[in-house]
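This report goes through the side-chain contacts of one model, by kind of contact. The sequence and the structure come first.

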Amino acid sequence: MATANLGFEEKLWSMADKLRGSMDAAEYKHVVLGLLFLKYVSDAFEEKYEALKSEPYADPEDRDEYVAANIFWVPKDARWSHIKNNAKKPEIGQIIDQAMIDIEKENASLKGVLPKDYARPALDKTRLGEVIDLFSFKVGDEDSRSKDVLGRVYEYFLSKFASAEGKNGGEFYTPNSVVRLLVEMIEPFKGRVYDPCCGSGGMFVQSEKFVEEHQGKLGDIAVYGQESNPTTWKLCKMNLAIRGIDSNLGEHHGDTFHNDLHKNLKADYILANPPFNISDWGGDRLMEDARWSYGIPPAGNANYAWIQHMVNKLAPSGVAGFVLANGSMSTSTTAELEIRSKLVNADLVDCIVTLPGQLFYSTQIPVCLWFMSKNKAPRGLRDRRGEILFIDARKLGQMVDRTHRELSSEDIKKIANTYHAWRGQAETGTYEEVKGFCKAAKLAEVQEHEYILTPGRYVGIEDVEEDSEPFEDKMARLTSELAEQFAKSQHLEDEIRKQLGGIGFEF
């Protein structure tokens with residue numbers, strides 16, 4: 001996000017955060033994002049309403065006009081003008097709750113999605129009124145929609161809440177640069193896109209952006225998702241609704257392993273960031289599951305259950321890209337090693353990328369990206385059967401604050417272009433191996449390494465430039481620099497002693 005700020009996202013965040021007071025970030029998230037959503041649907045509605053008023057034979061109260069324009073119908077008392085006029089009243093909480101109920105009643109696709117607990121006593125109504133005043137700028141009119149103002153504010157806020165919540169933040173938010181890299185790698189131009197643990201929907205939003213950037217149109221991809229956390233499922237529904245993205249997230253939240261809401265789906269593209277290393281996923285109740293074509297995953301770790309679930313969901317030429325903890329590349333527990341060896345031998349593993357640390361808000365665990373392909377010799381691309389591409393990207397990215405790193409657009413392009421060139425996409429040039437960065441290994445080599453998929457094993461060590469400075473010259477230069485530093489240090493020490501002496505502290 002640091003790269004593409006509208007400028008006011010940051011200001012808005014600091015003002016909204018000031019109003020949070022002592023409220024827990026996890027709780028405040030729903031207060032703020034719910035209000036932003038309400039503001040958005042109201043702006044879009046009121047703009048259309050005014051436009052219809054100026055048309056000779058149009059009726060601004062005709063619901064069909066709004067449905068045809070893909071705009072939510074907002075009843076009178078739920079419109080922002082009404083909310084704003086009552087912002088300072090002690091019953092503002094009830095007024096917002098009623099607005100949310102009325103909007104849900106009038107728009108079937110939002111049923112059960114909007115937050116409705118603004119009246120609770122614990123929520124300071126004066127602060128709530130101040131947040132309403134803060135959000136009284138345009139976010140849903142046509143100009144703002146074309147600039148995706150709310151989408152960007154919503155995403156910025158999600159990332160800030162993820163950061164504030166730390167560990168739990170990872171449950172609903174995957175850092176933007178990681179999502180962009182996944183999407184750029186698998187290029188979801190057209191077809192069915194699926195995320196089995198979709199959080200707040202970042203993978204879908206980025207996929208739609210990708211399609212539009214490549215002259216496609218909204219609707220070229222069909223979105224399927226599932227999310228087990230009920231409040232995160234609602235966040236996702238709102239996030240997609242404000243961008244006009246049609247989606248099938250199931251009728252309700254649901255556990256992907258135990259209640260698969262898309263049983264018969266075969267997806268062209270799968271993008272996911274499953275929770276890392278979950279131990280209590282109920283694997284012992286799924287021993288006979290049809291999805292485990294390559295072996296039963298251990299009950300104590302869901303990583304290989306996620307991998308197999310996704311492979312099972314791929315269409316005959318489908319591609320999957322997903323995030324996993326680094327341990328997944330080399331774990332040698334009997335069950336996992338057996339599954340990994342079968343996946344490699346079935347030629348499903350296409351590419352493995354290791355990422356730098358500190359990209360995630362929720363964990364310091366270093367992560368990697370897996371890319372699986374059902375068809376390694378598709379029309380128009382090189383036949384890459386019997387090969388796996390390894391990319392070691394641990395040295396890329398830069399720190400954007402004390403604890404977080406981000407991949408730049410150049411980093412993303414470098415990794416994606418390497419993968420695309422290896423696949424034989426003419427526009428990215430010829431693939432070349434780079435020591436310490438990328439290597440295409442034959443399956444026999446991977447078998448020799450006992451199916452360990454850690455790129456560091458294959459890419460080697462980058463060539464270090466020869467140091468042309470003679471040893472004597474270098475030592476002379478370094479010792480004179482060191483003498484200079486010592487002198488500086490002595491001067492500072494004397495200065496500190498003098499200052500302390502001046503206020504009566506001799507030593």
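## Aromatic pairs

The structure holds 15 aromatic pairs, where rings of Phe, Tyr and Trp (its six-membered ring) pair if their centres lie within 6.5 Å, with planes under 30 degrees apart counting as stacked, over 60 as edge-to-face and the rest as tilted. Trp-281 and Trp-292 form one of these pairs, which is edge-to-face, with 6.0 Å from centre to centre and 80° between the planes. This pair links distant parts of the chain, although both Trp-281 and Trp-292 lie in the loop between strand S4 (267-272) and helix H12 (303-313), eleven residues apart; helices (H or I, at least four residues) and strands (E, at least two) are DSSP runs, numbered from the N terminus. Trp-281 counts as buried at 5% relative accessibility, and Trp-292 is buried as well, at 8%, where buried means under 20% relative accessible area, exposed over 50% and partly exposed in between (1.4 Å probe, protein chains only).

The model is predicted, so that local features need pLDDT of at least 70 and side-chain atom pairs count only at pLDDT 80 or more, while totals for chains, interfaces and linings use all residues. Residues are numbered from 1 along each chain as its sequence is written, and side-chain values use heavy atoms, with hydrogens and water left out.

## Aromatic cluster and charges over rings

One aromatic cluster is formed by Phe-45, Tyr-49, Tyr-66 and Trp-73. Tyr-49 also has a charged neighbour, since Arg-79 lies over the face of Tyr-49 at 5.2 Å from the ring centre; a charge sits over a ring if NZ of Lys or CZ of Arg is within 6 Å of the ring centre and within 35 degrees of the ring normal. Another such arrangement has Lys-414 over the face of Phe-437, at 4.4 Å from the ring centre.

## Salt bridges

With a salt bridge taken as a side-chain nitrogen of Lys or Arg within 4 Å of a carboxyl oxygen of Asp or Glu, the count comes to 21 salt bridges. Among them is that of Lys-39 with Asp-43, whose closest N and O atoms are 2.6 Å apart. Lys-39 and Asp-43 both lie in helix H2 (residues 25-53), four residues apart, about one turn of the helix, and both are buried.

The side chains of Lys-190 and Asp-220 meet in a salt bridge at 3.7 Å, N to O. This pair links distant parts of the chain, 30 residues apart, with Lys-190 in the loop between helix H9 (176-186) and strand S1 (191-195) and Asp-220 in the loop between helix H10 (202-213) and strand S2 (221-225). Lys-190 counts as exposed at 55% relative accessibility, whereas Asp-220 counts as buried at 16%.

## Cysteines

How many disulfides does a search of the whole structure find? The search finds zero disulfides, a disulfide being a pair of cysteine sulfur atoms within 2.5 Å. The sulfur of Cys-198 has its closest cysteine sulfur in Cys-236, and because the two are 4.0 Å apart, they are too far for a bond. Cys-198 is buried, with a relative accessible area of 5%, and Cys-236 is buried too, with a relative accessible area of 0%.
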